[in-house]
Structure formats: structure tokens, C-alpha cells
Amino acid sequence: HTPAAYALGVMHLNGVGTTKDCDIGVNLLKRVAERSEWVANLLRDAHEHEQEQRPDLAALAFLKLAEAGHEVAQMNVAHLLDAGATVVLDSTI
């Protein structure tokens with residue numbers, strides 16, 4: 001439950017009703033952020049671009065998510081780059 005995870009994360013960050021633990025608080029808030037509508041929409045777009053054989057657009061979408069700390073997107077953009085499927089970050093073009 002996303003609102004409950006958010007409340008619990010804030011509680012752990014501030015030590016309200018529980019022992020103050022920044023690691024637990026940050027981990028809970030990261031999970032909340034990864035469930036946001038923005039992340040879900042961008043992931044959907046990236047996967048649609050992959051299905052439509054548009055790897056450059058997929059890589060850009062995954063890269064946006066990777067910059068925000070989304071670990072799955074980091075692995076997906078790394079895979080596209082390692083496979084040579086995209087030239088999004090190619091400095092020679």
C-alpha cells in the first residue's frame with residue numbers, strides 16, 4: 001500500500017513512533033517513488049518503443065528513469081548500449 005509505505009518512511013526518517021533509521025526510511029520512500037504514475041508511464045513508453053523496434057526512444061526513456069535511480073531502467077539501458085542496439089550516447093555522431 002503506497003500511502004502506508006510513504007507514512008512509514010517518513011516516520012522512520014523522523015523517529016516518530018519508531019526508532020529513527022534513515023536507511024529504512026529512504027528505502028521505503030524509494031519504493032514509493034518507483035510506484036509513481038510518472039515512472040509507470042515512462043516504463044510503459046519505453047517497453048512500447050522496444051516492441052515497436054525503436055531502441056533509441058526506448059533508451060532515452062530508460063535513461064530518464066535511470067537518472068532518477070530506477071535500478072531496472074539502469075539495467076535495461078545498459079543492455080541496449082552493450083548490445084549496440086542504440087546510439088543515444090555515442091559521442092561520434
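Colleague: The side chains of E71 and K30 meet at 3.1 Å, N to O. Why is this called a salt bridge?

Modeller: A salt bridge is a side-chain nitrogen of Lys or Arg within 4 Å of a carboxyl oxygen of Asp or Glu. The model is predicted: local features need pLDDT of at least 70 and side-chain atom pairs count only at pLDDT 80 or more, while totals for chains, interfaces and linings use all residues. Residues are numbered from 1 along each chain as its sequence is written, and side-chain values use heavy atoms, with hydrogens and water left out.

Colleague: What makes E71 and K30 partly exposed?

Modeller: Buried means under 20% relative accessible area and exposed means over 50%, with partly exposed in between (1.4 Å probe, protein chains only). E71 has 48% and K30 has 30%, so both fall in between.

Colleague: How many salt bridges does the rule give?

Modeller: The count comes to five. Among them, R54 and E52 meet at 2.6 Å, N to O, and D45 pairs with R44 at 3.3 Å. R54, at 37%, is partly exposed, as is E52, at 44%.

Colleague: Is H49 buried or exposed, and how do you know?

Modeller: H49 has 17% relative accessibility, which is under the 20% limit, so H49 counts as buried. H49 lies in helix 3 and touches R54, L57 and A58, leaving aside residues up to four places away in sequence. Touching, or contact, means heavy atoms within 4.5 Å.

Colleague: What makes Q53 exposed?

Modeller: Q53 stands at 67%, which is over 50%, so Q53 is exposed. Q53 sits in the loop between helix 3 and helix 4. Q53 also has a positive phi of about 60°, although it is not a glycine.

Colleague: Why is a group of residues called a nonpolar core?

Modeller: The name is for buried Ala, Val, Leu, Ile, Met, Phe, Trp, Tyr and Cys residues joined through side-chain atoms within 4.5 Å. The largest such core here has 13 residues, and L43, F62, L65, V77 and L80 have the most contacts inside it. Helix 3 (37-51), helix 4 (55-67) and helix 5 (71-82) each supply at least two of its residues. Helix 4 gives the most, six. L65 touches residues including W38, L43 and A73, not counting residues up to four places away in sequence.

Colleague: Which residues of helix 4 and helix 5 meet?

Modeller: P55, A58, A59, F62, L63, L65 and A66 of helix 4 meet A73, Q74, N76, V77 and L80 of helix 5. These divide into 10 nonpolar, two polar and no charged residues. Ala, Val, Leu, Ile, Met, Phe, Trp, Tyr, Cys and Pro count as nonpolar, Asp, Glu, Lys and Arg as charged, and the others, Gly among them, as polar. In soluble globular proteins, nonpolar side chains tend to be buried together.

Note on methods:
Helix = DSSP H or I, 4+ residues; strand = E, 2+ residues; numbered from the N terminus.
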